[in-house]
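User: I want to go through the labels on this model one by one. For each, tell me what rule stands behind the word.

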Amino acid sequence: MKKQSNPQPSPFKTVHVQDACGMTLAHDMTEIIPDKSKGPAFKRGHRVQAGDICRLMRMGKNNLYVLDLDETQVHEDEAVFELASALAGPGVEFSGTPSEGKLQLYAAYPGLFRVNVAALTEFNMLDDVMCASIHTNIAVNKGDSLAATRAIPLVIDRAKLDQATALAKSAYPIFSVSIFNPLKIRLAIIGNEVYDGLIQDRFQAIVEEKTARLGAQVLEVNILPDDRERITAQIRDYMAKETDLIITTGGMSVDPDDVTRESIEAVGFDEVHYSAAVLPGAMFLLGYTPKITIMGVPACGLYHRTTIFDLILPRVMAGERPGKRELASLCHGGLCRNCPICRFPDCAFGKSS
């Protein structure tokens, strides 16, 4: 026969209102003032003060349910502050009073929201705590809601709370916001049809709008034909200047006239990754030197509002250097559904976890 464990003592106790001073209310105390108002005069978790006794008696409260906590028990409103403090890393803040035992975490400034997904999952494997967040690698604005956490029971065991906060601190930061760097960007628009004036370029406006949204500025723009030597020379010229990010547009397909990829590789970047598990944007190029990043944006960037460019640009702006595995991991969630009304980033596109 299985041995029964000792039951935990109940944290609830009924006391006479005159004996409740210093005790914690177990639920909201509603006050009704005829023809004027109805609402909580005292919220759950309120610690009864001497000055509250007369008001409670006028409300007709002779006996109260109070929380009789010992040193091994923590009320949810106190516990949630410890949980939020352990979960919040740089760029993540919380304030105010808990709502139904829950605290919201917010972005302290614009940037790239990052989540340690594995650690957050382990946190939620623990008993009596939870935390839910938006997806990782999302560009956020100051004040955006990022996550919410709470203790599940009204009263949580101190040991369980300590276990949860210890896990979060060991994986610090589970949540963080990386500020966007005001990168120095130079743009090369490539294509015979644009260079010869057969069509008007639209890439410059697209790139400038998307980079400006993240706090950067395109310092220089040049239009080039599909010519290996000229493209390579232009990229080298950009690299000789104060440049953090070079963006090329067009010429990334397998057509014989498209030579942008070969031109970039001829420059001699330390690391070049071609192709990504994303549609639109499969023929995307990403390369690095120790100080400079280059992004080759395929022609799909003209015809689709949201592409691989929108997924990688914020990460580069936040100081990251995604590699082959990161480009491959975008496969799950990497298919844009081309919705009639685009809701990105409030959709599944690019969210691999």
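User: What makes Glu82 and Arg158 a salt bridge?

Analyst: Their closest N and O atoms are 3.0 Å apart. A salt bridge needs a side-chain nitrogen of Lys or Arg within 4 Å of a carboxyl oxygen of Asp or Glu, so the pair of Glu82 and Arg158 qualifies. Glu82 lies in helix H2 (residues 76-87) and Arg158 in helix H4 (residues 158-170), so the bridge ties together parts that are 76 residues apart in sequence. Helices are DSSP runs of H or I with at least four residues, strands are runs of E with at least two, and both are numbered from the N terminus. This is a predicted model, where local features need pLDDT of at least 70 and side-chain atom pairs count only at pLDDT 80 or more, while totals for chains, interfaces and linings use all residues. Residues are numbered from 1 along each chain as its sequence is written, and side-chain values use heavy atoms, without hydrogens and water.

User: Why is Glu82 called partly exposed?

Analyst: Its relative accessible area is 29%. Buried means under 20%, exposed means over 50%, and partly exposed is in between (1.4 Å probe, protein chains only). Glu82 falls in between, so the label is partly exposed. Arg158, at 25%, is also partly exposed.

User: How many salt bridges are there by this rule?

Analyst: The count comes to 14. One of them joins Arg261 and Glu265, with the closest N and O atoms 3.2 Å apart. Both residues lie in helix H8 (residues 260-267), four residues apart, about one turn of the helix. Arg261 has 32% relative accessibility, so it counts as partly exposed. Glu265, at 37%, is partly exposed as well.

User: Are Arg315 and Glu320 buried or exposed?

Analyst: Both are buried. Their side chains meet in a salt bridge, N to O at 3.0 Å. Elsewhere, salt bridges that share partners join Arg186, Glu220, Asp237 and Lys241 into one network.

User: Why is the pair of Phe81 and Phe94 called tilted?

Analyst: Rings of Phe, Tyr and Trp (its six-membered ring) pair if their centres lie within 6.5 Å. Planes under 30 degrees apart are stacked, over 60 are edge-to-face, and the rest are tilted. The centres of Phe81 and Phe94 are 6.3 Å apart and the planes stand at 50°, so the pair is tilted. Phe81 is in helix H2, and Phe94 is in the loop between strand E7 (92-93) and strand E8 (102-107), 13 residues apart. Phe81 is partly exposed at 30%, and so is Phe94 at 24%.

User: What makes the pair of Phe344 and Phe349 edge-to-face?

Analyst: The planes stand at 65°, with the centres 6.0 Å apart, so the pair is edge-to-face. Phe344 is partly exposed at 22%. Phe349 has 4% relative accessibility, so it counts as buried. The rule gives three aromatic pairs.

User: How do you know that the buried residues of H6 line one face?

Analyst: In helix H6 (residues 203-212), Phe203, Val207, Lys210 and Thr211 are buried. Seen down the axis, the buried residues fall within an arc of 95°, so they line one face of the helix. The arc is that of the directions from the helix axis to the C-beta atoms. These buried residues pack against several elements, including strand E15 (184-190) and helix H10 (308-317). Contact here means heavy atoms within 4.5 Å.

User: What makes E19 and E20 paired strands?

Analyst: Two strands pair if DSSP finds at least two bridges between them. Four bridges join E19 to E20, so the two strands pair, and they run antiparallel. Gly287 has Ile294 in E20 as its bridge partner. A hairpin of four residues joins the two strands. Both faces of E19 (residues 285-288) are covered: Leu285 and Gly287 on one side, Leu286 and Tyr288 on the other, are all buried.
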